[in-house]
2 protein chains.
Amino acid sequence: MKLAALFSGGKDSTYAAHLEEKGGHEVPIFACMRPARGDSYMFHGVNIHLTPLLAEAQGKPLASAPSSGEKDKEVDELRRLIELLNVNGVITGAIASNYQRDRVNVICGELGITHLSPLWGKDPQELLETEIKSGMEIIVTHVAARGLDQQWLGRRIDMKAAAELKILGERYGVNVCGEGGEYESLVVDAPWFKKRLEIKKAEVIWENTSGTYIVNEASLRNK
Amino acid sequence: MKLAALFSGGKDSTYAAHLEEKGGHEVPIFACMRPARGDSYMFHGVNIHLTPLLAEAQGKPLASAPSSGEKDKEVDELRRLIELLNVNGVITGAIASNYQRDRVNVICGELGITHLSPLWGKDPQELLETEIKSGMEIIVTHVAARGLDQQWLGRRIDMKAAAELKILGERYGVNVCGEGGEYESLVVDAPWFKKRLEIKKAEVIWENTSGTYIVNEASLRNK
């Protein structure tokens, strides 16, 4: 089956695409919505300008479209992009968000294609550890939850970080995979990447209780 | 007919897409190859990182893929991108390059879709003046021809510039539309753009007899 992977550059969309490809599906293209607002219900927008490079790092073309980020409109905007692609289905990295999953299901139903969400229903702690063990080099690019302070921005999510997230999860109810928007991530390399993303310039912006690690300059490096 | 416009951000691809849309075709998506080398036979690569913004300025999604820029490979790379799109045809801004036109014809023939090249065979001087009159705000981003010096980089192509190009064409045989690679251009605004591109930081690089105007920082502004 020929599938387009919905791709934000974060750990879950990156890993979901990889899993389906490993499982034997063809994933000839990534697709990405670029929300104009930070509070989109559907799409992760932090560092979304890096997706052309990150798709290239994985040897994939990228179809991308701006999205208003407005609740009623953004689902239509996603449908319009997907229906321009010559694929039999769409992969998403949804784990527990019924909101996202239901809407992609409706779009795929209308277009007569499949929706695969290989991470759906996984235990967050186990999933995060599996993602780390896959060899993905994951960094934190946004935090917005109690217990996640400025020191997390730009930090690599390794097993030590996963253990700390587990404690924060138990203490404050933080979802360790960031599924509720507690944090956002960026995958800069993985064993299946053809090139790795080199971050050359980044800045940290902190406002009240949340912060963002914005990559201002980056390029691909051969491995 | 639903068409994908091959799009580099330059005046000819921008104008060709506009013409077909004005003529009644649906142009729901732009497509762009990002050559890894400056001497690609098929694709214009200067400031190609701006195409997501420039497509957004025109309200279009963009499908893009890296290209090796190697003569034998890049045509295959283009075919692979086009066959991922759910369209009935492709628009190109080719004016006189048989090399590009023939190869896109072959790809479209193999995929059973149409190739439209509305600028094909036009008189270069007349075409350039028509493009200027269309209201496109065109700037020069690369020069590589006798008579085109550093002062042309970043310069707006208006009727005065077109008259100077005509004189240079007569004197040195420069194609006034830059079809032989004499110069490359960037369209930062046009009456049909929803937003205009604001260039915030740019640098000029000059080597021997050619030079490039590289946009380092840009964003979209509402009109």
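The model is a predicted one, in which local features need pLDDT of at least 70 and side-chain atom pairs count only at pLDDT 80 or more, whereas totals for chains, interfaces and linings use all residues; side-chain values use heavy atoms, with hydrogens and water left out. Residues are numbered from 1 along each chain as its sequence is written, while chains are lettered from A and ligands numbered from 1 in the order in which they are written.

A:Leu128 lies in helix H5 (residues 124-133) of chain A, where helices (H or I, at least four residues) and strands (E, at least two) are DSSP runs numbered from the N terminus. When neighbours within four places in sequence are left aside, A:Leu128 is in contact with A:Lys11, A:Ile157, A:Ala162, A:Leu165, A:Val176, A:Cys177 and A:Tyr183, contact being defined as heavy atoms within 4.5 Å.

The buried residues of H5(A) are A:Gln125, A:Leu127, A:Leu128, A:Glu131 and A:Ile132. They cover an arc of only 165° around the axis, which puts them on the same side of H5(A); the arc is that of the directions from the helix axis to the C-beta atoms. On the other side of H5(A), A:Glu126 and A:Lys133 are exposed.

The cover over the buried residues of H5(A) includes helix H1 (11-22), strand S6 (137-143), helix H6 (159-172) and strand S7 (183-189) of chain A. After H5(A) comes A:Gly135, which has a positive phi, near 95°.

## Domains of chain A

Chain A is divided by the domain assignment into domain 1 (2-116) and domain 2 (124-222), with bounds that come from an automatic or database assignment. The centres of domain 1 and domain 2 of chain A, taken over C-alpha atoms, are separated by 20 Å, and 23 residues of domain 1 are in contact with 28 residues of domain 2.

Between them, domain 1 and domain 2 of chain A bury about 2200 Å², 66% of it on carbon and sulfur atoms, where buried area is the accessible area (1.4 Å probe) that two parts lose on being put together, summed over both. Of the area that domain 1 of chain A buries against domain 2 of chain A, A:Lys11, A:Tyr15 and A:Ala57 supply 29%, more than any other three residues.

## Loop residues of chain A

A:Gly93 is placed in the loop between strand S4 (89-91) and helix H4 (98-111) of chain A, and at 14% relative accessibility it counts as buried. Not counting residues up to four places away in sequence, A:Gly93 touches A:Asp12, A:Ser13, A:Ala16 and A:Leu119. From C-alpha to C-alpha, A:Gly93 and A:Trp120 are 7.6 Å apart in space, although 27 residues apart in sequence.

Most residues other than glycine have a negative phi. A:Asn47, in the loop between strand S2 (26-35) and helix H2 (51-57) of chain A, has a positive phi of about 60° although it is not a glycine, and at 5% relative accessibility A:Asn47 counts as buried. A:Asn208, in the loop between strand S8 (195-207) and strand S9 (210-222) of chain A, also is not a glycine and has a positive phi of about 55°; A:Asn208, however, is exposed, with a relative accessible area of 75%.

## Helix H4 of chain B

In chain B, the 14 residues of helix H4 (residues 98-111) should span 20 Å at 1.5 Å a residue, which agrees with the 20 Å between its end C-alpha atoms; the expected span is 1.5 Å times one less than the number of residues. B:Tyr99, B:Val104, B:Ile107 and B:Cys108 are the buried residues of H4(B). Seen down the axis of H4(B), they fall within an arc of 155°, so they line one face of the helix.

What covers these buried residues of H4(B) includes helix H3 (71-82), strand S4 (89-91) and strand S5 (114-116) of chain B. H4(B) is followed by B:Gly112, which has a positive phi, near 70°.

## Relation of the two chains

The same surface serves both copies, as 100% of the contact residues of chain B recur in chain A.

Methods. Buried means under 20% relative accessible area, exposed over 50%, partly exposed in between (1.4 Å probe, protein chains only).
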